[in-house]
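Student: I would like to work through this model with you, one question at a time, and to see how each answer is reached.

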Amino acid sequence: MKKVWILLLTAVLSGCYELDTKPYDKVSTDNFWKTEDHALQGVMGVYADMKHNNTYGLFYLYDNLSDIAVGYDIGFGDIINGAFTNRSGNVVDRWRSLFDGVQRSNTAIRNITTLDIPEASKKVLLGELRFMRALYYFNLMNLFGGVPIYDESTNLNAEFSSMLKPRSTEQQVREFILADLSIAADHLPVSYPTAHYGRATKGAATALRGKVYLYDKQWDKAIADFEDVVYDKSAAY
C-alpha cells in the first residue's frame, strides 16, 4: 500500500505545471495593444479590411446596377433580375463585411484610447479610425438605410451573443457618421511623410463629410466642405 501511495504522489507532483494560456505564436489581447507601433499596426488592419471584395475590393462593379455598365456574371445577377432577398449572398455578405470594418474600428478605438503613447500620435490614430468607421457606416446607410449603431463601448468578444440592437433611424446613423467625421477632420493632419501616403487626411474627412451632406441634400453644408478642400490652398489638401 505504501508503494501505491508513493506512486500516486509522484504522478500528481509530476503533473503540477503552471498553466499558461497566453499564445506566444500569434497576436492576442494579452500581448498586443502595448506600444505605439502596435497601435499603428492595429490601424493598418482596419485599412486592410477595405480591400475585401464586399467592401471596396469590387466596389466599381456597382456600376453594373446602373446604366453605366452591364454585367451578369459578377454576382449581381439576382439583383439585376429582381430575384434577391434579404438572405441573398450579395446582401448578407455586404452587411457582414461592412460591420466587420465597424467592429475592427471599434476594437482599435477602445484599445488605443487607453494606451500610454504621445497624445499627438493618439489623436491622429483615433482620427483615422473615426474616419474609417464613418466610411463603413456611410456605405451601410446607403445600402440598407437605418442600421444598428455600435460604437467603441461594444466589446465583440464579450457581447457577441447579445448584440441584438434594433435598427437606428437613418437620421441617427447620419448624425453618428457626421460626428465621427467632424472629430476626424479636427484631429487629422493635412498630409503625411512620403512613407505614410494613403492614410486618411483632414481633406479626406472633410470631403467625405461633404458627401454625407450632399446625399442628404444639405447643399450649403456640402458646398462649404467641398470648397474648403478645393480652394483652401494654404491647407494643401
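Student: Is the crossing of α2 and α6 left-handed or right-handed?

Tutor: This is a predicted model, and in it the axes of helix α2 (residues 36–48) and α6 come within 10 Å. On the α2 side the contact is made by E36, A39, L40, V43, V46 and Y47, while α6 contributes S121, L125, E128, L129, M132 and Y136. The sense in which α2 and α6 cross is left-handed.

Student: Are α2 and α6 roughly parallel or roughly antiparallel to each other?

Tutor: The axes of α2 and α6 cross at roughly 15°, and angles under 35 degrees count as roughly parallel. The relation between α2 and α6 is therefore roughly parallel.

Student: How many residues of α6 are buried?

Tutor: Helix α6 covers residues 119–144, and its reach of 36 Å from first to last C-alpha is close to the 38 Å expected at 1.5 Å a residue. Across the chain, buried residues make up 37% of the 237 residues. Helix α6 is largely enclosed by the rest of the structure, because the buried count among its 26 residues is 19.

Student: Which residue follows α6, with a positive phi?

Tutor: Helix α6 runs over residues 119–144, and the residue after this helix has a phi near 80°. That residue is G145.

Definitions and conventions:
Residues numbered from 1 in each chain as written. Predicted model: local features only at pLDDT ≥ 70, side-chain atom pairs only at ≥ 80, totals over all residues. Heavy atoms only, no water. Buried < 20%, exposed > 50% of the residue type's maximum accessible area, 1.4 Å probe, protein only. Helix = DSSP H or I, 4+ residues; strand = E, 2+ residues; numbered from the N terminus. Expected span 1.5 Å × (residues − 1). Axes fitted to C-alpha atoms, helices over the stretch in contact; angles between N-to-C directions. Parallel < 35°, antiparallel > 145°, perpendicular 65-115°, else oblique. Left-handed = near helix turned anticlockwise from the far one by under 90°. Contact = heavy atoms within 4.5 Å.
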